[in-house]
Amino acid sequence: MRKEFAAKINSLFASNQDLVFLTGDLGYNALEDIQSAYPNRFINAGVAEQNMVGLAAGLAYEGHPCFVYSIAPFAVYRAYEQIRLDVCIHNHPVCIVGNGGGYGYGIMGATHHATKDLACLSPLPNMICYIPAFAEDVEYCLDQIVERKGPSYLRLGLGIQYPKAITIGPINQVVQAIDKPALTVITQGPVVKNALKAMEGLENVDLFSILTLPILTLSPEILNSIALSKRVLVIEEHVERGGLAEYLLLQLTRAGLKLDSFEALNAKGYPSKTYGNQDFHWKESGLDVENIQHIISKLNS
Amino acid sequence: MTDFNSIQLQLRHKLLKLYFDANCGHIACSLSCLDLLIALFNQKRTQERVILSKGHAAGALYVMLNHTGEISDEELGTFYQNGTKLSAHPSANSFVNIPFALGSLGHGFSIASGMSQSKKIKASSDFVYVLMSDGETNEGTTWEAAHFAVSNQLDNLIVLIDRNRLQGFGETADILGDTSNPIKWQSMGFHVQEVDGHDLNALETCIQECKLTLNGKPHVIIANTIKGKGVDYMENKMEWHYLPMNEEMYQKALASLEREYHA
């Protein structure tokens with residue numbers, strides 16, 4: 001999604017003279033065009049994430065909405081207090097851009113993974129976390145972020161292109177069963193591609209991808225699907241606590257929906273204490289195609 | 001010339017009353033930086049901002065803003081009470097001259113640097129002021145922000161360090177060493193001045209000197225101060241970071257102020 005992100009940032013910077021971009025010394029082979037096109041509004045703040053977020057808050061106070069870019073765990077965890085205090089409680093338009101959310105940095109190891117980022121950020125006041133699932137979602141998310149003028153987090157990963165025309169919005173309706181669905185699968189982020197693959201050939205399963213945490217809205221389509229299926233499977237590249245499954249369960253319970261079953265597949269950390277690429281960690285956590293197929297067939301039987 | 005002696009006494013009276021009425025601590029660290037705030041607010045343009053990074057000295061800021069008319073007497077009287085906008089550390093979104101909630105140390109310098117960077121982008125001639133404690137220079141973000149300010153040539157940024165040489169649980173020299181030592185700031189590329197932080201004329205001269213020295217170097221004024229300045233029994237005593245005054249102590253403190261500032 002870095003390519004789509006850089007292209008959209010370029011066009012936003014061309015039309016909005018106030019925007020400022022800060023990077024924590026990252027962006028090789030992605031941000032060079034922005035750096036050369038907007039030298040006054042592109043700041044390499046060095047390997048100093050806490051200061052970078054404080055700077056962004058000061059810039060935002062003075063009327064410059066900011067993007068703050070780093071590898072997801074460095075942007076989120078290292079600078080958490082600055083995000084909480086300097087940005088969020090003042091409702092400043094600062095977007096924390098975390099590249100490689102979840103296991104996106106794969107073999108780079110645990111230091112570079114962010115599987116609790118949404119649990120950390122989504123409860124903060126005024127904060128909306130945007131988690132694009134497909135490459136095309138990035139542009140939509142950035143438009144929302146700039147328009148909203150508040151604190152936000154953009155969790156970038158390696159997203160596939162849209163498999164076919166789908167509805168863009170807070171909820172991507174990826175697949176809709178023609179008839180009565182037997183199961184409603186709800187995903188977040190690039191792991192949607194595993195769900196899509198696992199569901200190939202199944203005609204009685206709905207698939208939705210939710211773009212934000214907190215969940216901004218549950219569409220009539222998703223509520224209708226769950227009301228009919230009464231079975232929900234959540235797939236998220238995030239630990240169980242504080243992620244999509246918990247948010248969703250609370251909202252569905254409040255909406256009075258009665259469910260026959262509610263299952264969630266989550267990031268499980270490093271169960272074998274070994275490391276590999278993103279697919280390897282997805283498999284370790286049961287977020288791989290094979291396990292999703294297995295769970296779907298169990299729930300769908 | 002401004003009658004500084006009278007302002008120093010008047011605001012110290014208000015400060016002591018504020019803390020006595022609230023029966024709370026943070027008196028001495030407010031007294032150590034009160035004169036710095038008087039100098040800053042006396043010099044700054046209306047639209048310029050002072051960032052009180054040492055938020056635990058909120059009382060000093062509140063009496064200063066009461067003096068300038070931004071916080072009414074009635075509002076000041078709500079300090080520390082339930083339902084107040086005047087919490088023990090400054091809170092967000094209530095007063096123009098309290099632009100950020102501060103009190104977790106090591107935040108204000110970065111924020112002020114961002115504001116200074118914005119002035120550079122907009123080619124504004126305004127300055128940004130940040131008031132830090134010397135203990136606060138223990139924080140790693142101080143050094144992140146310091147390097148950023150130098151490398152980005154923020155000569156519109158004026159950092160004041162309230163160097164009272166005492167911090168939360170001991171003397172700064174005994175804890176992490178003298179982290180606000182002028183040599184460190186000099187070596188990083190700051191325009192450094194050292195001054196008696198209770199001499200308002202000297203402070204004003206320093207601030208003027210910063211404004212006239214626009215050579216790409218950010219400014220730091222290391223203000224040597226006395227924790228508890230003006231109240232003899234509090235001066236240079238760490239415990240007065242924390243202690244509240246009883247009636248007898250309050251009366252003694254007022255008498256001490258009279259001796260110090262009416263002599």
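Tutor: One definition to begin: a crossing is right-handed if the near helix is turned clockwise from the far one by less than a right angle, and left-handed if anticlockwise. Keep in mind that this is a predicted model, in which local features need pLDDT of at least 70, side-chain atom pairs count only at pLDDT 80 or more, and totals for chains, interfaces and linings use all residues. Residues are numbered from 1 along each chain as its sequence is written, chains are lettered from A and ligands numbered from 1 in the order written, and side-chain values use heavy atoms, leaving out hydrogens and water.

Now the meeting place itself. On one side 23 residues of chain A are in contact (heavy atoms within 4.5 Å) with 24 residues of chain B on the other. Together the chains bury about 2,000 Å², counted as the accessible area (1.4 Å probe) that two parts lose on being put together, summed over both. Carbon and sulfur atoms give 59% of that area. On chain B's side, B:His107, B:Ile121 and B:Glu144 supply 27% of what the chain buries against chain A, more than any other three residues.

Follow helix 3 of chain A, residues 49-61, and you'll run into two helices of chain B. (Helices, H or I of at least four residues, and strands, E of at least two, are DSSP runs numbered from the N terminus.) Take helix 5 of chain B, residues 108-121: its axis is 6 Å from that of helix 3 of chain A, and the two pack at about 50°. (Axes are lines fitted to C-alpha atoms, for helices over the stretch in contact, with angles from 0 to 180 degrees between N-to-C directions.) Helix 3 of chain A passes helix 5 of chain B in a right-handed crossing. Chain A brings residues including A:Gly54, A:Ala57, A:Gly58 and A:Tyr61 to this contact, and chain B brings B:Ser110, B:Gly114, B:Gln117 and B:Ile121, among others.

Next comes helix 6 of chain B, residues 140-151, whose axis lies 8 Å from that of helix 3 of chain A, at an angle of about 65°. Here too the crossing is right-handed. A:Glu49, A:Gln50, A:Asn51 and A:Leu55 meet B:Thr141, B:Glu144, B:Ala145 and B:Phe148.

What about charges? The rule finds 2 salt bridges across the interface, each needing a side-chain nitrogen of Lys or Arg within 4 Å of a carboxyl oxygen of Asp or Glu. One pair to look up is A:Glu62 with B:Lys122, where the closest N and O atoms are 3.9 Å apart. Over all chains, the whole structure has 20 salt bridges.
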